[in-house]
Amino acid sequence: MTARTLAVVSAGLSQPSSTRLLADRLSVATSTSLQELGFSPAVEVVELRDLAHDLTDNLLTGFPSPRLESAIEAVVGSDGLIAVTPIFTASYSGLFKTFFDVLEPQALTGKPVLLGATAGTARHSLALEHALRPLFAYLRAVVAPTAVFAASEDWGAGDSPVGRALAERIARAGGELADLMGVERRRPAADPLSTLTPFEQLLSGN
Amino acid sequence: MQFGVFSVSDITTDPTNGRTPSEAERIQAIVTIAKKVEEVGLDVFALGEHHNPPFFSSSPTTTLGFIAAQTSTLLLSTATTLITTNDPVKIAEDYAMLQHLAGGRVDLTLGRGNTGPVYPWFGQDIRNGIPLAVENYALLRRLWTEDVVDWQGKFRTPLQGFTSTPRPLDGVPPFVWHGSIRSPEIAEQAAYYGDGFFHNNIFWPMSHTKQMVGIYRQRFEHYGHGRADQAIVGLGGQVFMRKNSQDAVREFRPYFDNAPVYGHGPSLEDFSAVTPLTVGSPQQVIERYLSFREDVGDYQRQLFLIDHAGLPLKTVLEQLDILGEEVVPVLRRELDALRPAHVPDAPTHASLVAAKGGAQDSTVYAAGDDVTGKAPAVAR
């Protein structure tokens, strides 16, 4: 079976965190769909809470700590990404944004991404569409059509229509990401020499 | 191997006593530091260029000219000269003039500058940083090597029959280092011309510096200037030393914690582990700096940053004593012993003159109107 690596970024702050819970559900759904498509998924989870100090340091110094660097490598080098944030003040959390701010500008170009968000009330659900989706559009990621929002009430819904709706949405989103990850994609090159512009070309202004 | 000191010329409050030196004080201090660099047996003093507070050094050639007059062996350089926002004609003139006055004890390091607002103050745009560095340097070289230049480019007024004066001393322009922290294009530029490459090596992990130097070395060989290990590499680095390493850490910590460039970020310990910052005993500094050779190969120039973040002049001078007495002699001996014979030293004016087959007076005597300088090009 062909391997596919799936990176999961969770920006939840409490432990346990409903954001992480949603991230895990999305991860399982995607992995299941990947297996159905004949791929062998490998999941790597990045908990931004553990990297909060490293992220601030990166903002101040301009370079990542070794720990943050390996998290960045896991995300940039993956075949697909699940990005989940709590909604704070009508948008993604600052911690979530900081992680994507410290990536190289082209790092997520062409990357299949599934978006998720959590909040206390369903009234925040459109933040996925008015905040997260534009962010990943700017990064030129390939974002799955379905984004998954889970409010507090969804977790207690059980096998009711509300609870089933969330489960169905998670399954559909995971299937969409798996489909996107099934396609071979060109990755940005990690080796700076392979993207080096020869000097004659620089001189001629190209 | 050349050793020296480079300064960014910041005026920073001493966090241990709340005292901020005046510009006058700090400018005189830099002269004192430069003279001390020569006195303790180091080779190079390099001064940065900035056009915004808290930095005082907007005019490195004036400062270096003043220092040149009070020193006799010290090699004067910059860290860096802004090739993006300075007119390349003025750079050609200023550094040729300094070269004459300093008897050839001059080279320079070109950089782009990293502060966005500075560019528009000089009519430029930071988004053109790389194209400006490429075009301006191409013109600068021509102004130094060709007596009469016709030129047209994208960023500057065209030149017709222009002669930059004074001509370089003995017909040999100052050696140029290209400084870059993270732009492969600048490593490529240094390699293309066979010039030196300087990595500031202060803010970033050694793994990154190693990668940048690797690109430069590989491309230096590609362009036929020699083998990759013969390329001319300079590194920065930052140290703070006391006899006992605990004393060094205790004394330096408040300066580190409040330093404008990295203060309030990673801990001193974390930052020291990842970047070349070394705070400890002279022996620890020696061991750390000997290890750089394993990362970047045999290199030609090591500059230390020792005077920033509000450190008082007295402390800086003590650091220079330690460098001169205990650290640099050992590093010099060890690194020179390890360096294979085919790896060259950093070029100096004397070595460049010798390589050219001797000194030539390159004075251009214009015919005609010698008052306004509007004479036609001299037939040669």
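Colleague: How many salt bridges are there between chain A and chain B?
Modeller: The count is one salt bridge between chain A and chain B, meaning a side-chain nitrogen of Lys or Arg within 4 Å of a carboxyl oxygen of Asp or Glu. A:Glu104 pairs with B:Arg182, and the closest N and O atoms are 2.7 Å apart.
Colleague: What should I know about the numbering and the model?
Modeller: This is a predicted model, where local features need pLDDT of at least 70, side-chain atom pairs count only at pLDDT 80 or more, and totals for chains, interfaces and linings use all residues. Residues are numbered from 1 along each chain as its sequence is written, chains are lettered from A in the order in which they are written, and side-chain values use heavy atoms, with hydrogens and water left out.
Colleague: How much area do chain A and chain B bury between them?
Modeller: About 1,800 Å², 72% of it on carbon and sulfur atoms. That is accessible area (1.4 Å probe) lost on putting the two parts together, summed over both.
Colleague: Which residues in chain A lose the most area to chain B?
Modeller: A:Phe63, A:Leu196 and A:Phe199, together 34% of what that side buries.
Colleague: New topic. Is B:Leu143 buried or exposed?
Modeller: B:Leu143 is buried, with a relative accessible area of 0%. Buried means under 20%, exposed over 50%, partly exposed in between (1.4 Å probe, protein chains only).
Colleague: What is B:Leu143 in contact with?
Modeller: Leaving aside neighbours within four places in sequence, its contacts include B:Pro88, B:Val89 and B:Phe162. Contact means heavy atoms within 4.5 Å.
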